[in-house]
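Colleague: I have not looked at this model before. Please take me through the labels and say what each one rests on.

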Amino acid sequence: MLTSLAANLVSLAIVVGVALLMGFRSGAGVLAWLAVVGILVLFTLALTWLAVIAGLAAKSVDGATAFSYPLIFLPFLSSAFVPPDTMPGPVRWFAENQPVTPIVNSIRAAGGNARRQRAVDRPGLVHRHPHRGRRDRDPPLQPAAALRPPPRASRVEG
């Protein structure tokens, strides 16, 4: 259990480090980041215990390994990438009633990104300016067409 938790914490640190190198910034404070890490640690422990139970119940290594395959797809059928409101009926129902969606929503809320999720909820709208460090309001949303540079005037030689 401890080895699995340590390996997952190392991979989490690598992912966060790469995200920071790529420009990810959050307005969340230290307590919010501790809450996010706590949620992820508890979720990792829960999944590890489920894997232990499946591993003890399996009769072969292949049977124990096959247990993890459905778990790999849960984040793809959750609110991690798109809001469930945009999904078709049965997929939306599944996304709203599976364990990854509330965890993703809790991490977003703890990390201060719950309000910023609105940009994902509105296709075609993107942030025009990042406004880093501003916590009082979201940056203004602009239609994607407004981000295109104006057409250059061409000279007509006659």
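Colleague: What makes F81 count as buried or exposed?

Modeller: The label rests on relative accessible area: under 20% is buried, over 50% is exposed, and in between is partly exposed, with a 1.4 Å probe and protein chains only. F81 has 52% relative accessibility, so F81 counts as exposed. F81 sits in the loop between α4 (68-73) and α5 (89-96).

Colleague: What kind of model is this, and how are residues numbered?

Modeller: This is a predicted model, in which local features need pLDDT of at least 70, side-chain atom pairs count only at pLDDT 80 or more, and totals for chains, interfaces and linings use all residues. Residues are numbered from 1 along each chain as its sequence is written, and side-chain values use heavy atoms, with hydrogens and water left out.

Colleague: How many helices and strands does the protein have?

Modeller: The protein has 7 helices and 2 strands, where a helix is a DSSP run of H or I with at least four residues, a strand is a run of E with at least two, and numbering goes from the N terminus. Along the sequence the pattern is α-α-α-α-α-α-α-β-β.

Colleague: Why is the pair of F76 and F81 called stacked?

Modeller: F24 and W33 have ring centres 6.4 Å apart and planes at 85°. Rings of Phe, Tyr and Trp (its six-membered ring) pair if their centres lie within 6.5 Å; planes under 30 degrees apart are stacked, over 60 edge-to-face, and the rest tilted. The pair F24 and W33 is therefore edge-to-face. For F76 and F81 the centres are 5.6 Å apart and the planes 10° apart, so this pair is stacked.

Colleague: Are the residues of these pairs buried or exposed?

Modeller: F76 is exposed, as is F81. F24 has a relative accessible area of 32%, so F24 is partly exposed. W33, with 31%, is also partly exposed.

Colleague: Why is M87 called buried?

Modeller: The relative accessible area of M87 is 9%, which puts M87 in the buried class. M87 is in the loop between α4 and α5. Leaving out residues up to four places away in sequence, M87 touches S78, V82, R92 and A95, where contact means heavy atoms within 4.5 Å. The C-alpha atoms of M87 and L77 are separated by 9.3 Å, and the two residues are 10 apart along the chain.

Colleague: What makes T101 count as buried?

Modeller: T101 has 5% relative accessibility, so T101 counts as buried. T101 lies in helix α6. Apart from neighbours within four places in sequence, T101 is in contact with S78, S79 and A95. Over the whole protein of 158 residues, 16% count as buried.

Colleague: Why does S26 count as partly exposed?

Modeller: S26 has 23% relative accessibility, so S26 falls in the partly exposed class. The place of S26 is in the loop between α1 and α2. Not counting residues up to four places away, S26 touches W33 and G111. S26 and G111 are 85 residues apart in sequence and 7.2 Å apart in space, C-alpha to C-alpha.

Colleague: What is the volume of the largest pocket, and what makes a space a pocket?

Modeller: The volume is about 1200 Å³. On a 1 Å grid over the protein atoms alone, a pocket is an open set of points where a 1.4 Å probe fits, with protein on both sides within 12 Å along at least five of seven lines; lining residues have an atom within 4 Å of a point. The lining has 36 residues, and the closest to the centre are L12, L40, I103, V104 and I107. α2 gives the largest share of the lining, 11 residues.

Colleague: How many of the lining residues are nonpolar, polar and charged?

Modeller: The lining has 27 nonpolar, 8 polar and 1 charged residues. Ala, Val, Leu, Ile, Met, Phe, Trp, Tyr, Cys and Pro count as nonpolar, Asp, Glu, Lys and Arg as charged, and the others, Gly among them, as polar.

Key. Grid points are joined across faces, edges and corners, and a volume is the space filled by probe spheres set on the points.
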